[in-house]
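Reader: I am new to this structure and would be grateful for a guided reading of it.

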Amino acid sequence: MNYNEIHVIKGEGINVVYHYKTFTMMVVKDEVCQILEALKRGYSVIQISKEAKYSENDVMSVIQFIEEKISKNENYLPQQNSNNNRVIDRITLHVSNDCNLRCRYCYALGGNYNQDRAFMNKQTANDFVDFCINHFDQINRIVFFGGEPMLNIEIMKYICNLFKNNFSSGRLSQMPEFGIITNGTILNPEIISFLKENITSLTVSIDGPKDINDENRVYSNGKGSYETIKQFIKTVKSETKIPIIYEATYTRQHIEKQYKSKDIHNFMLNEFGIKGVIVEEESLEINRILDYWQNYDYKMIAENNFENMPIGFWSILKSIAGKQSRKICPVMKRIFSISSNGYIFPCHMLAGNTNNNLGNIKAQNFFNQRTLYKSSEFIIDLQDNPKCNGCWCQYLCGGCAVHQFYNKQQKKFQKKPNSELCEINKQHIAQIILMIAALRREPLYWEKLMAKAKERQMQL
Ligand code: SF4
Ligand code: SF4
């Protein structure tokens, strides 16, 4: 038995032993923790019984108990996914390099990613469709993005029609779905009919009620965008059946105005009847992730029907229950982004940055001349770097590849994860495991949690 595969998590009134390779969780007493920690440090049974005053039999029965529990789950050792390079989950397509807003926190510097304010043209659109057909067997989703994509409605229509024509002629074997991420400030009858005809998912950026949205999401003259977005959401909802979700950026101003994430969720649900995600402004994220655990009470959380769960909770629960590894965002394996002039980037957040340019769709690029690019610099695998490979949460860690592996000073991905974020991640995941164990000890809460998971269409 390799005791380094075991992680001991001590919480208030509860201890959990977690075997990361088999996703085995065991609630144990303090003595078991103590014995396991000694075994992890390399002490023998005799040494432990002498120094910690347990009998050899006690130590042996702890070892036997742990080994039995783990061996029951050994069939579930996570498999590495085979990677079919010709299947892509999502391409983010920057059809406009310009934006009509100047949001104060915009990482894309007003939409243009440090490049000229340009739109994708028909030639690049043709090249894009040819590139897709020539390089991949299946693309599940193409997401129109910007800047603001609605500024270039012509090219979006053109691209959708090109895909349809190629599909009808048999050159393309499967149609992708089309989605759009928009700031929700441009709408007219032409756009509505384009949306109805082509778009299956729409994400609108809005930061919450008017007073907070208009702090940051502003036009170049400083005027807020809330009223226009409000009209946009209401019109799209009434005139189309497209599922809309929102994406809000949580900022320092939210904290100052005492808006919590749940206030934003509740507002969006009550005012517009839509659900969505809240991403933290980058500078906040690292420090705030552990805030959740400061005053949390799992009983209250269960009483509130698990409305406000910590980041990653549902996905970690699913991973442990289904004994399936979580994944870091699969940049360049299943996801990438294309700029308005046809350059390929691992992620839309890195578009325009020459260090991360992986060639052009109409010339040599990462997909047709792989040897020219160091795949190892762009393909991130948690099990493929020494730090993660020795980490107890390698199968539960996941999330954004840019946050975890991108070195902002050097402007490139690195093999090592960001250490500061790792420590926070590990504490956060350990707390989630303790929370799951605590809920599992109380049949009523557990039943409630399972019902909630079902409501979220999770198969556990
Ligand atoms: S916490 Fe850090 S070291 Fe551990 S798996 Fe995640 S990224 Fe890797
Ligand atoms: S790397 Fe991060 S920002 Fe980029 S697509 Fe993946 S999750 Fe999104």
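Author: Domain bounds here come from an automatic or database domain assignment. This is a predicted model, in which local features need pLDDT of at least 70, side-chain atom pairs count only at pLDDT 80 or more, and totals for chains, interfaces and linings use all residues. Residues are numbered from 1 along each chain as its sequence is written, and chains are lettered from A and ligands numbered from 1 in the order in which they are written.

Reader: Which domains does the assignment give for the chain?

Author: Domain 3 is assigned in two segments, 306-329 + 380-460.

Reader: How many residues does the contact take from domain 1 and from domain 3?

Author: The C-alpha centres of domain 1 and domain 3 lie 23 Å apart. Contact requires C-beta atoms, placed from the backbone, within 7 Å. By that criterion, domain 1 gives twelve residues and domain 3 gives twelve residues.

Reader: In what order do the three strands form the open sheet?

Author: Strands (E, at least two residues) and helices (H or I, at least four) are DSSP runs numbered from the N terminus, and two strands pair if DSSP finds at least two bridges between them. The edge strands, pairing on one side only, are β1 and β3. With antiparallel pairing, the order is β1-β2-β3.

Reader: Which helix supplies the largest share of the shell around ligand 1?

Author: Both α15 (386-389) and α17 (419-440) supply at least two residues of this shell. The largest share, three residues, comes from α17.

How values were computed
Contact = placed C-beta atoms within 7 Å.
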